[in-house]
Amino acid sequence: MSYLDDRRLMVKIANLYYEAGETQSTIAKKIGVSRSLISKYLSKSKELGIVEIIIHDEDYSTVSSLETKLENQYGLREAICVPDTEQSNSKIQLGTAASKYLHRMIRDDQVVGVSSGTTLYEVATAMSSNQHFPNVCFVPIVGGMGDERVDIHANHIVAKLAEALKATYHLLHAPVVVDSKETREIILKQPSIKNTLELGSKADIAIVGIGGTPEHSTMVRSYINSGITDDLDFDEIAGDICYNFINENGEVVNNSWNEKTITLELNKLKQIPLVVGVAAGVEKVNAIKAALREDLIDVLITDEKTARLLLEG
């Protein structure tokens, strides 16, 4: 009979490890066998049902299952799903979840590209840490958005994130959209703007919002009276990322708006090693699906209701 057939010893080792909290090395010395054999005993005890590990996740079992399904269906590196609650604001929940994820992933000497919007404002508001990152740099990857709430502009958000983590930041002194393609080309040649967007294109991490269809877009509302949005064909637009309008396949729509935006181009966004998309809402489901189809994001942070809709069809 081999050592691993000794059920009594298997139970004893399991009790010492799981109940008494002793290390495998300590148990090995006590029993008089090698540490590797202790590891084999513990594995065998799980195989035989002597040990059953139960994860008590009553509050998160539903969303945990949704996260796994999203990851498998869309090939995501990670999906984070916040539970639906009637009492809380979804964007605040998303912001809190995204700030925790970003804090977990940031390493010193990294560059983090940041877009704008109400959801990313909540990410910056929720960010808090006793750990300092003096060599991390936050950089805007989109221009400023009209006169609509300055606090949701990328410049404000990067400054707020940098303050929370005692990091550094750059600013992008440019509007998100200008009046012509020619004006855009001139602005993009300005050294400070060119250098900031180039730094953003070399980011290690990017965190972006995903905008819904134009009629629900904060961005479009900001410019609705300017004439810039007059020629938009809403039917061909699924949503936007970094103020690039995309179709249902996640491809950049060929329209005048996309020719006039001061933002990181999506082909450059895709080259960033880790792109985190933060978005939720029925009006954004098609936009999120489009972004996922084109692999524009690696991680999705959303809510329970949106996750269920993304898994349909």
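In the predicted model, lysine 166 is placed in the loop that joins α7 (154–165) to β4 (168–169). Its relative accessibility is 46%, so lysine 166 counts as partly exposed. Although lysine 166 is not a glycine, its phi is positive, at about 55 degrees. Most residues other than glycine have a negative phi. Tyrosine 243 is not a glycine either, and has a positive phi of about 65 degrees. This tyrosine 243 lies in the loop between β6 (239–241) and β7. Tyrosine 243 counts as buried because its relative accessibility is 7%, under the 20% limit.

Serine 115 is found in the loop between β2 (111–114) and α6 (118–126). With a relative accessible area of 3%, serine 115 is buried. Its side chain reaches the backbone nitrogen of glycine 209 at 3.2 Å. Leaving aside residues up to four places away in sequence, serine 115 touches several residues, including Leu120, Ile141, Val208, Gly209 and Cys242.

The largest nonpolar core contains 46 residues, and Leu70, Ile141, Val208, Ile210, Ile241 and Leu269 have the most contacts inside it. At least two residues of this core are supplied by each of α4 (61–74), β1 (78–82), β5 (205–211), β7 (244–246), α11 (266–269), α12 (285–293) and α13 (304–311). The largest share, six residues, comes from α12. Leucine 269 touches Ile141, Ala206, Val208, Ile241, Cys242, Leu264, Val275 and Leu296, when residues up to four places away in sequence are not counted. Another core, of 35 residues, lies apart from the largest one and has Leu94, Ala97, Ile207 and Ile301 among its members.

Notes. Residues numbered from 1 in each chain as written. Predicted model: local features only at pLDDT ≥ 70, side-chain atom pairs only at ≥ 80, totals over all residues. Heavy atoms only, no water. Helix = DSSP H or I, 4+ residues; strand = E, 2+ residues; numbered from the N terminus. Buried < 20%, exposed > 50% of the residue type's maximum accessible area, 1.4 Å probe, protein only. Polar contact = N/O pair within 3.5 Å; in protein donor to acceptor, adjacent residues only side chain to side chain. Contact = heavy atoms within 4.5 Å. Core = buried A, V, L, I, M, F, W, Y, C linked by side-chain atoms within 4.5 Å.
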